[in-house]
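Trainee: I have a structure to go through. Can we take it step by step?

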Amino acid sequence: MDSKKDNNPVYSRKDTSRVNLTDEQWKKVLPADVYYIARQKGTERPWTSKFEKFEEVGTYYCAACGNPLFKSNTKFDSGCGWPSFYEPISKGSIIYTPDNSVGMQRTETQCGRCKAHLGHVFEDGPPPTGLRYCINGVVLDFEKAKEAERKYNEKGE
Ligand SMILES: [Zn+2]
């Protein structure tokens with residue numbers, strides 16, 4: 001079973017094809033808080049994400065399109081107020097874009113499938129990558145490893 005979001009026809013954890021919706025279409029299919037971060041490059045208030053101090057084992061997906069983004073074993077407590085990871089799940093899962101807004105040189109991270117704004121990546125993370133992916137929890141969906149495993153087994157493959 002693929003996880004579907006009500007009202008969001010592009011949400012899929014298996015379909016890897018690129019998603020290209022207009023802003024109007026995104027506005028219709030995303031909850032307001034997800035739309036604000038993902039499409040308007042908003043930032044959630046620090047310390048507000050349920051994932052900030054979250055230690056369950058599993059996978060984090062893009063809340064806008066279902067693209068797998070991070071594994072829980074690359075998550076670390078950065079103390080910066082947002083969920084932080086040191087490595088994405090795969091090279092193509094994230095797009096990097098220079099961001100010189102607000103008077104800082106930063107690298108924006110976007111979902112590799114739907115280009116949702118996720119957050120930024122900084123070079124002050126822990127080994128082995130030395131990177132800190134500072135991600136808005138609003139644009140993350142989490143699935144526990146056991147649930148994924150169970151679903152896999154139910155399919156009898
Ligand atoms: Zn996405």
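Trainee: In which strand is the place of Thr97?

Mentor: Keep in mind that this model is predicted. The strand to look at covers residues 94–99. Thr97 therefore sits in strand 5.

Trainee: Is Thr97 buried or exposed?

Mentor: Count the C-beta neighbours inside 10 Å: Thr97 has 12. The cut-off for this class is 12 or fewer. So Thr97 counts as exposed.

Trainee: Which residues is Thr97 in contact with, leaving aside its neighbours within four places in sequence?

Mentor: Contact here requires C-beta atoms within 7 Å. With the sequence neighbours set aside, two names remain for Thr97: Glu108 and Gln110.

Trainee: How many Å apart in space are Thr97 and Thr107, C-alpha to C-alpha?

Mentor: Along the sequence, Thr97 and Thr107 are 10 residues apart. In space, the C-alpha to C-alpha distance is 5.6 Å.

Trainee: What is the phi of Val102?

Mentor: Find Val102 in the loop between strand 5 and strand 6. Most residues other than glycine have a negative phi. Val102 is not a glycine, yet its phi is positive, at about 45 degrees.

Trainee: Is Lys41 buried, partly exposed or exposed?

Mentor: Lys41 lies in the loop between helix 2 and strand 1. It has 16 other C-beta atoms within 10 Å. Buried needs 20 or more, and exposed needs 12 or fewer. So Lys41 is partly exposed.

Trainee: What kind of peptide bond joins Pro127 and Pro128?

Mentor: Pro128 is in the loop between strand 7 and strand 8. Most peptide bonds are trans. Between Pro127 and Pro128, omega is about 5 degrees, and the bond is cis.

Key. Residues are numbered from 1 along each chain as its sequence is written. This is a predicted model: local features need pLDDT of at least 70, side-chain atom pairs count only at pLDDT 80 or more; totals for chains, interfaces and linings use all residues. Helices (H or I, at least four residues) and strands (E, at least two) are DSSP runs, numbered from the N terminus.
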